[in-house]
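Reader: Please show me the sequence and the model, and then I will ask about the geometry.

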Amino acid sequence: MWAIHVPVLYKEVLNYLIPANDLSLMVDSTLGEGGHSELFLKKYKNIHIIGLDADSEIQSRAQERLSEYKDRIVFKNDRFDHFWKNYLGPDVDIILFDLGISVYHYKISKRGFSFLLEENLDMRLDRNDSLNAEYIVNNYDEVHLADIIYKYGEERYSRRISRAICTYRKNKKIKKTSELADIIYKAVPKDYKHLKNHPATKTFQALRIEVNDELNRLSEGLKYSIRHLNSNGLLGVITFHSLEDRIVKNFFKENVDSLEILTKKPIVPSDAEILSNPPSRSAKFRVVRRKKNEV
Ligand SMILES: C[S@@+](CC[C@H](N)C(=O)[O-])C[C@H]1O[C@@H](n2cnc3c(N)ncnc32)[C@H](O)[C@@H]1O
């Protein structure tokens, strides 16, 4: 299979997340196309992995890619918060979260994650969910929509953008990514149109976070997952924006009684990695080790 997503900070992930022994058990909480998992399966000939993803479509790509390791990897189509809350298996040695979405989602999934492509506004990782981006932009009231764009996009022009969306939809339902990107572009001041990032970038991020309830799921996923980490077990999280990173940083700090923080500052990609894999540019990697005593 041809994988489009290049695993981020892969050298650093392998350097930090070293299995305790030959028969270690790892959970890749965000399997995606299986890039990180493949590296572990290749490097450690006896490691076993449980690979989770909320999205069954990307998971089938990982399944195909990792077919030669099928005796050592189990695939679960599940949200990581739900998985960890209900986990009844043995405690594990390594847990990885590589948050957000994959290049596959932006470029191939046809679910409207990118304002650069002409697609329906969907943005669901799990197509069985009822809430999608089209519903939000056409139904949330102006204040609620502005709050979402501000809170999850950290967008300073959230109110203007929300007002423009609500005015537009009085005449016509907003269905396409390009339509929404255009409404946003027209709503923001001139000097905001010429920045490095398109003015729709933050609003699209906010919608995606709202559709998939990403931040609540992250908090819950962290909380439940560490309960299943062996003593000396390692948990690593790669984040891609400040909202995620803040949650992870604070969670680690709040749990210093049970977790030893191994990365005083987050690990970030080298210039060479950013050059060869631009989607890595905002990545931050933090790692903790479970202390011997119980939480
Ligand atoms: C950045 S990608 C992972 C890429 C992967 N490490 C690789 O190297 O191919 C993040 C993945 O996490 C999945 N995901 C996001 N939120 C999730 C959640 N709450 N539960 C399970 N999977 C989730 C997405 O569907 C996506 O495939």
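Reader: How far apart do the C-alpha centres of domain 1 and domain 2 lie?
Author: This is a predicted model, in which local features need pLDDT of at least 70, side-chain atom pairs count only at pLDDT 80 or more, and totals for chains, interfaces and linings use all residues. Residues are numbered from 1 along each chain as its sequence is written. The domain assignment gives domain 1 as 10-104 + 214-290 and domain 2 as 109-212, such bounds coming from an automatic or database domain assignment. Between the C-alpha centres of domain 1 and domain 2 the separation is 29 Å.

Reader: What are the classes of the residues on the side of domain 1 that touches domain 2?
Author: In the contact, 9 residues of domain 1 meet 8 residues of domain 2; two residues are in contact if their C-beta atoms, placed from the backbone, lie within 7 Å. For the classes, Ala, Val, Leu, Ile, Met, Phe, Trp, Tyr, Cys and Pro count as nonpolar, Asp, Glu, Lys and Arg as charged, and the others, Gly among them, as polar. The touching side of domain 1 divides into 5 nonpolar, 1 polar and 3 charged.

Reader: Which elements give two or more residues to the shell around the ligand?
Author: A residue is near a molecule if its C-beta atom, placed from the backbone, lies within 6 Å of it. Of the 22 residues around the ligand, P7, T30, G32, G35 and A54 come nearest. Helices (H or I, at least four residues) and strands (E, at least two) are DSSP runs, numbered from the N terminus. The elements giving two or more residues to this shell are α2 (35-43), β2 (48-53) and α4 (80-85).

Reader: How do the residues of the shell around the ligand divide by class?
Author: The shell around the ligand holds 22 residues. By class, these residues divide into 7 nonpolar, 8 polar and 7 charged.

Reader: Are α7 and α10 roughly parallel or roughly perpendicular to each other?
Author: Axes are lines fitted to C-alpha atoms, for helices over the stretch in contact, and angles run from 0 to 180 degrees between N-to-C directions. The axes of α7 (residues 142-153) and α10 (residues 201-212) come within 8 Å and cross at roughly 100°. Angles under 35 degrees count as roughly parallel, over 145 as roughly antiparallel, 65 to 115 as roughly perpendicular and the rest as oblique. The two helices, α7 and α10, are therefore roughly perpendicular.

Reader: Which residues of α7 and α10 make the contact?
Author: By class, the contact of α7 with α10 has 5 nonpolar, 3 polar and 2 charged residues. From α7 come I148, I149, Y152 and G153, and from α10 come K202, T203, Q205, A206, I209 and E210.

Reader: Is M123 buried or exposed?
Author: M123 sits in the loop between α5 (103-107) and α6 (133-139), and its phi is near 70°, a positive value in a residue other than glycine. A residue is buried if 20 or more other C-beta atoms lie within 10 Å of its own, exposed if 12 or fewer, and partly exposed in between, with C-beta atoms placed from the backbone. Because 26 other C-beta atoms lie within 10 Å, M123 is buried.

Reader: Which residues is G233 in contact with, leaving aside its neighbours within four places in sequence?
Author: G233 belongs to strand β5 (residues 229-239) and is buried, with 22 other C-beta atoms within 10 Å. Its C-alpha atom is separated by 9.6 Å from that of M26, 207 residues apart along the chain. With neighbours within four places in sequence left aside, the contacts of G233 are V92, D93, I94 and R290.
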